[in-house]
Amino acid sequence: MKKAKRNIVIAAVLVFVCAAVYLNWSYNRSEDVSPVSEDAAGDEAETSAGTEDDYFARARLTRQSSRDEALGLLETAAAGEGASQETIDGAMDAIAAMAAWSMQEAQIENLLLAKNFSDCVAYISSDGVTVAVPAPVEGLSAAAVAQVTETVMAETGREAESIRVIEVKPGGAGSAPAASPEPSPSASPAA
């Protein structure tokens with residue numbers, strides 16, 4: 001029972017580490033992009049876009065921090081003096097899964113950006129996939145939700161039932177999400 005519990009903890013930690021690594025990479029990458037000229041948008045549009053940008057930056061940072069912490073715990077568990085081969089194998093499997101999820105998250109985000117979403121954050125775990133995307137005040141259209149869902153399904157092979165699409169509305173993105181974002185009342189279930 002203790003070994004199974006330890007393996008579960010190791011797997012969870014690996015998941016968080018991969019999210020943290022990707023968030024850090026994605027956050028640092030977004031700083032390299034040149035800003036839009038101030039003449040291009042009014043003050044109100046800049047304020048709400050800034051709030052959305054802050055949300056996505058914080059979400060990436062939270063994901064990265066969580067995965068870094070999980071990876072550290074897994075490495076510690078695997079390197080422990082009394083670690084069994086089963087524990088070491090479990091830690092390595094969890095690390096490999098986190099790495100694969102990080103690559104899939106990056107691919108999903110890049111594809112959605114290419115499909116004219118202004119920003120997005122994907123989080124993959126063994127429970128499913130959560131994708132946060134900017135939404136107009138009236139909410140995402142069914143076509144936009146379908147586009148996100150189809151992109152995730154194509155990249156991960158997951159069923160639509162395990163995919164959550166979270167709308168980030170202007171002015172409504174005041175706090176950073178948890179490491180494993182849960183759908184809010186404004187979340188659109190993928191169907």
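Predicted model: local features only at pLDDT ≥ 70, side-chain atom pairs only at ≥ 80, totals over all residues.

Colleague: Why is strand E2 largely enclosed?

Modeller: Seven of the seven residues of E2 (residues 128-134) are buried, so the rest of the structure largely encloses this strand. Buried means under 20% relative accessible area with a 1.4 Å probe, protein chains only. Strands are DSSP runs of at least two residues, and helices (H or I) of at least four, numbered from the N terminus.

Colleague: Which residues point each way from E2?

Modeller: Val129, Val131 and Val133 point one way, and Gly128, Thr130, Ala132 and Pro134 the other. In a regular strand, side chains alternate between the two faces of the sheet.

Colleague: How many bridges join E1 to E2?

Modeller: Five bridges join E1 (residues 121-125) to E2, and the two run antiparallel; strands pair if DSSP finds at least two bridges between them. Val121 stands opposite Ala132 in E2.

Colleague: And E2 with E3: parallel or antiparallel?

Modeller: E2 and E3 (residues 163-168) run parallel, joined by six bridges. Val129 stands opposite Ile163 in E3.

Colleague: Changing topic, how many aromatic pairs are there?

Modeller: The structure holds one. Tyr55 and Phe56 are edge-to-face, 5.2 Å centre to centre with 85° between the planes. Rings of Phe, Tyr and Trp (its six-membered ring) pair if their centres lie within 6.5 Å; planes under 30 degrees apart count as stacked, over 60 as edge-to-face and the rest as tilted.

Methods
Residues numbered from 1 in each chain as written. Heavy atoms only, no water. Buried < 20%, exposed > 50% of the residue type's maximum accessible area, 1.4 Å probe, protein only.
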